[in-house]
Amino acid sequence: MYLTGYHASSMERITAFVATPGANTPEMFVPKIEVPLVPEQPGVYTVSGWDDDQDPVQMIAEALGGARKVLVSDELWAVHLLGLQRRMPDTEFVSFSDSLGGLRSVKNDDEMLAIQTVGGLANQVAAALQNGEIPLVGRSEKEIAADISQRLRDVGHETVEFCIVASGPNSASPHHHPTDRIVQAGEMVLCDFGGKHQGYCSDITRCVWTGPIPDDVAATWDTLKKAQQAAVDAARPGATLGEVDAAARDVIADAGFGDQFIHRTGHGIGTEVHEQPYVKSGNDEVVVEGHAFSIEPGIYIAGQWGMRLEDIVVISDSGAIRCSTTNHNIVSVDA
Ligand code: ZN
Ligand code: ZN
């Protein structure tokens, strides 16, 4: 996708982009039925459609011409890679992500703008949630997720990549899948969603409380908000990603919730929702201008509630710029 602009579906029918150094134009092997979907880019690649009665893995192995080393996508299905390895027993296969991941993690000006633009779209939907425009109490998590997904499309996303709506105790599960649970009055509703616009992804999390916010929840949110701000402040060229993670983690640990912050602080974002670089403990990689990643600390109290505050930031020469600006507080809604 990043190299060609073509988003192929990953499935048992293989699509492969084969580029060999010094050789002819790269070749894209595509199931014949999907050839009409591939944009024509003469001079960039040629397209070879394969029939269902052909052996595409053999065709790809031949195109690789006995290369000694082949870099493969992290998302290449194991069944295809195993087929290539069988046909090319003397070839070393290595992950592309170390080289391409690094290349992708530093965005150019156009990409930075695309990420800010799509972040602004998701921001509108988060604002609608906080303003009480999205009915919550009496609806199921699935219904609310469908509503949010439609709004993401309405404001300009071409696709919705994910939509987490986690209510009450479900909010303590960071990657909860929306269920038929009906949202009640007087509980947490955590919403984390994003989609793609012009090939780039949004990702935002906001939490609302259906009714007056209990004091302990408000106080814990205060800690979370400070932690998120500390990480945003720390995210500037020259700091390591581990230091950005620590900035958030230290605030949460100092407040006594260290064991309840159970995931990394953030992930890179671009043409994929999750890509390099990763804002995690011990990562010595240095923040540079052009990085784009999430800052999303969370605190999760099993059986009660969980909370997360997430913005995407892009890194300029002077520090992090948030792509979403809507209210950073937990908001009480009557919806
Ligand atoms: Zn998210
Ligand atoms: Zn995220």
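I'll start with helix α7, residues 241–254: it has 14 residues, and from first C-alpha to last it reaches 20 Å, close to the 20 Å expected at 1.5 Å a residue. Keep in mind throughout that this is a predicted model.

Which residues of α7 are buried? They are Leu241, Gly242, Val244, Asp245, Ala247, Ala248 and Ile252. The cover over these buried residues includes helix α6 (215–234) and the strands β11 (275–279), β12 (292–295) and β13 (298–301). Just after the helix comes Gly256, with a positive phi of about 95 degrees.

Next, the metal site. The zinc ion, ligand 2, has these protein donors: Asp203 through OD, His267 through NE2, and Glu296 and Glu310 through OE. They lie 2.1 to 2.2 Å from the ion. In sequence, the spacing of the donor residues reads D-x63-H-x28-E-x13-E.

What about the geometry? The angles among the four donor atoms run from 81 to 161 degrees, and the site is irregular. For a tetrahedral label, all angles would have to lie between 85 and 135 degrees. As a reference, the ideal angle for four tetrahedral donors is 109.5 degrees. Water is not among the atoms, so sites may look incomplete.

Ligand 2 and the zinc ion that is ligand 1 are 3.1 Å apart, and Asp203 coordinates both. As for what the site connects, His267 is in strand β10 (residues 266–268), while Glu310 is in the loop between β14 (305–308) and β15 (311–316), so this pair ties together parts that are 43 residues apart in sequence.

Last item, Lys107. Where does Lys107 sit? Its place is the loop between α3 (97–105) and α4 (109–130). With a relative accessible area of 7%, Lys107 is buried; the cut-off for that label is under 20%.

Key
Residues are numbered from 1 along each chain as its sequence is written. Chains are lettered from A and ligands numbered from 1 in the order in which they are written. This is a predicted model: local features need pLDDT of at least 70, side-chain atom pairs count only at pLDDT 80 or more; totals for chains, interfaces and linings use all residues. Side-chain values use heavy atoms; hydrogens and water are left out. Helices (H or I, at least four residues) and strands (E, at least two) are DSSP runs, numbered from the N terminus. The expected span of a helix is 1.5 Å times one less than its number of residues. Buried means under 20% relative accessible area, exposed over 50%, partly exposed in between (1.4 Å probe, protein chains only). Contact means heavy atoms within 4.5 Å. Donors are N, O and S atoms within 2.8 Å of the metal (3.2 Å for Na, K and Ca); water is not among the atoms, so sites may look incomplete. Four donors count as tetrahedral if all angles lie between 85 and 135 degrees; four count as square planar and six as octahedral if opposite donors are over 155 degrees apart and all others between 65 and 115; anything else is irregular.
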